[in-house]
Every structure is written in structure tokens, then in C-alpha cells.
Amino acid sequence: LDITVTILNENDNSPEFKQTNFTEVVPEDTKVNSTIISREELSATDADLDIIYYELTTTVPATDGYFALKGVNNPEIYLQKALDYDKFKWTTLILYARDRPVTSTELTNTATATINIIIEQADTKSPWFLPCTFINEERSICISNLYSGRVNMSEMATEPLTLEPGPIYAIDPDYMINEKILYSIVSGNTDNVFSLDVDTGNLTMNKAATSPDSYRLQVMATQVNNIQKYSIANVEIKVINKSNYAPYFESKIYNGTVLVNQPPGSFVFQAEHPSSPLVIKAMDDDFSDV
């Protein structure tokens, strides 16, 4: 008598990951849809030879939606949404491997793997001139103020010019990278009156200004490692006549007379010459022809 015995496979084994803890450094400028961790590294095995179903979650608030699985049966993790180092710098993902679908009512065995994602700041921003004003809630765009100063006509200053609201200065807002900044004047420097120190941004004079017209300089800050990362700021330099002398009155004392009950706006007359209006006159030797 031949007897055939069929052994039924019992679901008594849990899926197993080759590795249950991963740490992955992901550059901020990684392209969307790029693979972060491959299927081969993340695939789990099951001694019962069951089909494995995967699910990915995050434990860090406000970091969901950035990383996803290729499919319910494919644990490859890819970047689903562009990263921003200013929004978050790390997150922790939990990868579940189940031998039954999530919605199954049957006995399900589960394994988990922890995936630590560290965001590495990339060189994504152009320099900022300081001080500047943020124009968006994410504080990723900062617009510089106008720099302003003044020089005396026909006089060449030997020291760096003093500007408001401060000296010409720019930074790399990718502060973990902090690339070196170079400065240059790109327009407005009529007759080459001014020079800009390429390293410090100090504005000095090559020669005296001979015209009363203001100078409107455009100054560029460029990253030394990438000339396409640059910003432009405006610098207004007013040319004024230098005042060597203080104004003074022709007389130290003026005497006048006024009639009682005169209406407002009536003339005050000279005490010495009652028929002549009292005139108070100041002089300035900087303007000898006036």
C-alpha cells in the first residue's frame, strides 16, 4: 500500500533583514527620483518562502513625504521630494517587512529595519550682502539694502570709505560650506574714481571726484569656487562740497522794534533805522561769492 504524505507549510517564521540599522548621508541637492538605498541592501528573506510586503514610515515630524518605496514588494528607497537643508537636517525611517499584506486578517509576522538619513548641505544658494531682509517665510531669500556714503569734491580720501548701514560685506548662506567670497565693481565707476578690495570689500578712492554728480556703483559678490554663484548690490556715493568754515552772523547783536498790537506777519524794523526792516544775515567763507 503506497501512502502519500503532504507536509503543509506553517507560517512560523518571521521575515529577516540582512541588516537592521542603516545610516545614509544624502546630499541636499540630490535629484528627485534618485535611489537612496538599493533593493539588494534592503530586501528581507523569509524561511517560509512567503511573498514579503514592505511599508515605510518616518518617526520625525514634518519629514514625511520625502522618501518612498518603489513598490509594496520592492523595498528600494528613492527621493520623492526635493530636500531643503534649512527645513530639516536628519530624519529616521522605519521599514517594515511583513509576510502578509497590511490589510490581511491572517497571522502576520513582521520585521523592522531602522534607517537614519542625514542631510548634507549642498552649495545651492548665491551670496547674501549684509544686512539684508528676508522676503519669504522659509528665510531662503534675503534682499540687501542700499549701501550709501559720501565724499568731498576735489579731495581724495586715503582710508576706506564709511558706508551706511555698514561696510560692503557678503556671506555664503550655505553656512556649513561657507565658500570664500570675492568682490568687484561691475558698473557705475565713472573715470575709475573708486577701487574695491577683492578680498575684504573695502571701498577706497583712486582719485578725487571732480563732478558734483552722485556715483551709483553696482558691486558683485562671487563665490571663488563657482562664478555662477553671485549677487549684486547697489552703492550710492554722494559728492559734496567740503565745508572748511563754520557759518557766522554779520553782527553778534541785532536790535529791532515792533509796534504794539501789530498783526502776525508784520515787519520788525531796525532800532537804528525805524523805516528799514530788520534783516538777520549769516555768512560762510566756503561760499565767498554769496
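How many residues in the lining of the largest pocket are nonpolar, how many polar and how many charged? I looked this up first in the model, which is a predicted one.

**Pocket**

By class I found seven nonpolar, two polar and two charged residues in the lining. I noted a volume of about 180 Å³ for this largest pocket. The residues I wrote down for its lining are Arg-150, Val-151, Asn-152, Glu-155, Met-156, Ala-157, Pro-160, Leu-161, Thr-162, Met-205 and Ile-240. Strand S13, residues 147–152, gives the largest share of that lining, with three residues.

**Domains**

I took the domain assignment next: domain 1 covers 15–120, domain 2 covers 133–240 and domain 3 covers 244–289. Between the C-alpha centres of domain 2 and domain 3 I have 47 Å.

I then checked the UniProt record, an unreviewed entry, which places "domain: Cadherin" at residues 18–129 and 151–249. For residues 18–129 I noted 50 Å between the end C-alpha atoms, with 4% helix and 46% strand. For residues 151–249 the end C-alpha atoms are 28 Å apart, and the span has 0% helix and 43% strand.

**Disulfide**

I counted one disulfide. Its partners are Cys-132 and Cys-142, with an S to S distance of 2.0 Å. The link between Cys-132 and Cys-142 is right-handed, at 95° about the S-S bond. Cys-132 sits in strand S11 (residues 132–134) and Cys-142 in strand S12 (residues 142–144), and the two are 10 residues apart.

Is Cys-142 buried or exposed? I put Cys-142 down as buried, because its relative accessibility is 9% and the cut-off for buried is under 20%.

**Backbone**

Most residues other than glycine have a negative phi, and most peptide bonds are trans.

Which kind of peptide bond runs from Leu-130 to Pro-131? I found it to be cis, with omega near -5°. Pro-131 belongs to the loop between strand S10 (128–129) and S11. The peptide bond from Glu-164 to Pro-165 is also cis, with omega near 5°. I located Pro-165 in the loop between S13 and strand S14 (170–171).

Arg-139, not a glycine, has a positive phi of about 55°. I placed Arg-139 in the loop between S11 and S12. Asn-261, again not a glycine, has a positive phi of about 65°. The loop holding Asn-261 runs between strand S21 (256–257) and strand S22 (269–270).

Key: Residues numbered from 1 in each chain as written. Predicted model: local features only at pLDDT ≥ 70, side-chain atom pairs only at ≥ 80, totals over all residues. Heavy atoms only, no water. Disulfide = S-S within 2.5 Å. Buried < 20%, exposed > 50% of the residue type's maximum accessible area, 1.4 Å probe, protein only. Domains from an automatic or database assignment. 1 Å grid on protein atoms, 1.4 Å probe; cavity = no way out; pocket = protein on both sides within 12 Å on 5 of 7 lines; lining within 4 Å. Points joined across faces, edges and corners; volume = space filled by probe spheres on them. Nonpolar A, V, L, I, M, F, W, Y, C, P; charged D, E, K, R; others polar. UniProt positions renumbered as here; feature names shortened; annotations may be inferred.
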